[in-house]
Amino acid sequence: MININLLKPSSANFQTYLYIGSGLIFISIFDVILRSFFNINFSNSLPGILNFFLPLIIGLVGFQMIRLEYSGNRIVDKINQSVNNNTFNAGLTLLIIFLTLLIIPPASNWMIFEATISGDTKEACVATEGACWTYIKVWFRRFMYGMYPNDFHWRINTAFIFLIGFAFVGYFMRGKLKNYITFYYAILYPIIAFLIINFLISGGSFGLEWVETNAWGGLSLTFIVSFFGLIFCFPLGMILALGRRSELPVIRYISIGYIEFWRGVPLITVLFMSSVMFPMFLPSDAFVDKLIRVIAAIILFEAAYVAEVIRGGLQALPRGQYDAAKSLGMGYWKMQIFVILPQALKLVIPGIANTFLALVKDTPLIFVVGLSEVVGMLQMAKTNPKWLGYAMEGYIFASILFWAICYAMSRYSQYLELKYKTER
Amino acid sequence: MNHKIKSIIPQLLTLLFVVAVIGFFTINAQLNMDERGIDFGYGFLNQESSFDVQFSLIEYDGSHSYAKAYLVGLLNTILVSVLGIIFCTIIGVIIGIARLSPNYLIRNTAAWYVEFFRNVPLLLQIFFWYYAALRALPLPENTEPLFGVTYLTVKGYYIPRLIWENFDILIYSILAAIISIMFIRNYARKLQEEKGQQLPVLLISVGLLLAFPAITFVTGMVQLEVALPVLKQLSKTSFIYAEGLSVPPELLALVLALSLYTATFVAECVRAGVQGVSKGQKEAAASVGLTPNQILKLVIMPQALRIIIPPTTNQYLNLTKNSSLAAAIAYPDLVLVFAGTALMQTGRAIEIVSITMLTYLTLSLAISLLMNWYNKKIAIKEK
């Protein structure tokens, strides 16, 4: 019996099918390219739906014709395996290729070919259809430094250089000094960082003019808030995690209550609390700066999440580790610091990184208390009467900015995970 | 003895510390309130609120009480959360499965989707949809219909409104269908266990679910009218669609942003769950002679769900809490209506913020209890 199947190749006649099939696929892609790049449509005369789906149908037939379990041709086998293992997948493959081809021309036109970046006023953008990167250029300093006076931007820059410099001090601690590395990062570094920011960015002494925190903003404020959030919520979270695993009931229940409370409420209400409710809780003559209240609220909030992540690591350690440490005569703190925590923290690097990422992504919420970092500055720029109508450019800029920061952080955490991975 | 003291002292110190902090705050709050002449209490909830809310599921205007305003906000929050949870589950499952696809292009497109949407702050995404994407939509008078009867315009999404008559009878008929389905399922299980016969339960269930409400229509007990959106001129230049149901752009932007953002996390949970079922399970099921559908339904899904549900619950909780970002685009949710407007008017910071926080706490606990119950139900019962 002769099995006649026009679309099904066999190894005997595969060569012919391959030529026809790849030709058809090529035609279908070429058709879409003509449609999207040059606005030429060859199948105009066909009825509407058929005209619309023609490339898809041709491409599907083409893929059908080159699909063979084993063809002997390495490239064809690879294509069949990865994008063409059944009709459904072939259709999805074509759809993705076509969509990309259809999106590229308008998107690249808008973003690059018809966009403007020259000039300093809105007038430069009026003539074109494309994106107005002039807007980003003009407002760039605002997006980076907020309403901080232009003449003093060097203070923020120097402060950050100092902060990064002091962060690397740990690398140069050798020999005996190395014993103090934890002490340095846990206690000394936060104090140094606070002093740097207080004296350089805030000013008010050493002949530097005082700049109130309301004027701070932009990306530098994002960095300041996330920086203090990161260095303080970690130790607090560690203590809470240990507290939740403690055998002492009072400590355990207090820790559980704390963690569950903060995890159950949204950050925005916590920030509300810090701005409207917290001043009621202080003596009437005490004044705490808005920025410090906000950072404190973020630390308290994120510490609960860090605690849960670390608890996961603590629970994952086998009991033997605890027993071994105890049998060596170690006390509670010695056991935790030298045996348990180093192993547990190693296990939860990805979780901690995720929490830190969440913290960075949460910083825009400080808009509720009237502080504006990048996103807040965008909102401000968007409503500026001289620059109405360029919201899209601003959001794309900020998205890329945040994406880059978060992507870099998650890559770094993957690197750390690999670096500290130990065989068990 | 020594050991006992050793364990009591740190507990006592912690307790003292906590009590001292709370006491310090309470005393200060008392003093501050005395100074400003406010007395603590929740009596203000019954006062007239005298502010309006843009979008409300229940009847509300300025003459109602603050308690009612709270309810309006709460219902709006729940609406956004439920819509967001539904959509993020659908998108998340699709993306999660796409990430496991043998197709190289699909796998990587899904991966890029996750990488991108996860790493951009949610607030920025909400702003993007609300201020940039949805603002680019046409005005009502220039809008082409979408799916024939709905209109996506800059002023909102207009969809047909369903007008029911005797809606309760329809509900009863659906309830009756569900109850009879439960009986039939029990009977089918018995039949299978005793005689090894299989009933087409799914087919019967769908049939019943369609048949019961259909009977109410045919007999004329329930009537349904559809009110299509009709273009209406308010003034010389301003048009809206009347008659139909209008979904405000704030809600649209919020649901879009929340579900696209949370879907990335749900997708990762789904992927981890399906990957967590070992290959041997599938092969064993196939060698027993189960069909691919049966393998998916009886072997893979029950095991994958056990891995998927706990982290996904967390994501649902996050979505509910994140819905409070609605305040940023003036969607009248709990935070905006109650912790915003009402607080501004009454100045009762402690009472209002505490009620708001407690509400979210209750919502979170409720969702996690519900999910824990479900999780326990599907957990493997080891013998």
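I'll start with the contact between the two chains, which takes 47 residues from chain B and 41 residues from chain A. Keep in mind throughout that this is a predicted model.

On the chain B side, the helices that each supply at least two residues are α1 (2-36), α3, α4 (122-133), α9 (292-322), α10 (334-346) and α11 (349-378). The biggest contributor is α1(B), which gives the most to the side that touches chain A, with 12 residues. By class, that side of chain B divides into 33 nonpolar, 12 polar and 2 charged residues.

Now chain B as a whole. Chain B has 11 helices and 7 strands. Its radius of gyration is 27 Å, whereas the globule rule gives 21 Å for 383 residues; the value is well over the rule, so chain B is more spread out than a compact globule. Along the principal axes, the C-alpha trace of chain B spans about 85 × 80 × 50 Å. How many of the 383 residues of chain B count as buried? The figure is 30%. As for contacts within chain B, take those between residues at least 6 apart in sequence: 64% of them join residues at least 24 apart.

Next, helix packing. Two packed helices are described by the angle between their axes and the distance between the axes. I have one pair from each chain.

In chain B, the pair is α3 (residues 104-118) and α7 (residues 249-276), which pack at an angle of about 125 degrees with their axes 9 Å apart. At that angle, α3(B) and α7(B) are therefore oblique to each other. The crossing of α3(B) past α7(B) is left-handed. From α3(B), the contact uses V114(B), F117(B) and R118(B); from α7(B), it uses L260(B), Y261(B), T264(B), A267(B) and E268(B). Sorted by class, this contact has 5 nonpolar, 1 polar and 2 charged residues. Recall that α3 of chain B is also one of the helices on the side that touches chain A.

In chain A, the pair is α9 (residues 218-244) and α15 (residues 349-362), whose axes come within 9 Å and cross at roughly 150 degrees. Are these two roughly parallel or roughly antiparallel? The helices α9(A) and α15(A) are roughly antiparallel to each other, and their crossing is right-handed. The residues in contact are S226(A), G229(A) and L230(A) of α9(A), with F356(A), L359(A) and V360(A) of α15(A). The classes here are 4 nonpolar, 2 polar and no charged residues.

V211(A) sits in the loop between α8 (181-202) and α9 of chain A. It has 18 C-beta neighbours inside 10 Å, so V211(A) counts as partly exposed. Leaving out residues up to four places away in sequence, V211(A) touches Y148(A), P149(A), F152(A), S202(A) and G203(A). As for I196(A), it is 15 residues from V211(A) in sequence and 14 Å away in space, C-alpha to C-alpha.

The other is A330(B), placed in the loop between α9 and α10 of chain B. Most residues other than glycine have a negative phi. A330(B) is not a glycine, yet its phi is positive, about 65 degrees. With 14 other C-beta atoms within 10 Å, A330(B) is partly exposed. The two helices that flank this loop, α9 and α10 of chain B, are both among those that supply residues to the side touching chain A.

Definitions and conventions. Residues numbered from 1 in each chain as written. Chains lettered and ligands numbered in written order. Predicted model: local features only at pLDDT ≥ 70, side-chain atom pairs only at ≥ 80, totals over all residues. Axes fitted to C-alpha atoms, helices over the stretch in contact; angles between N-to-C directions. Helix = DSSP H or I, 4+ residues; strand = E, 2+ residues; numbered from the N terminus. Parallel < 35°, antiparallel > 145°, perpendicular 65-115°, else oblique. Left-handed = near helix turned anticlockwise from the far one by under 90°. Contact = placed C-beta atoms within 7 Å. Nonpolar A, V, L, I, M, F, W, Y, C, P; charged D, E, K, R; others polar. Rg over C-alpha atoms; globule rule 2.2 N^0.38 Å. Buried ≥ 20, exposed ≤ 12 C-beta atoms within 10 Å, placed from the backbone.
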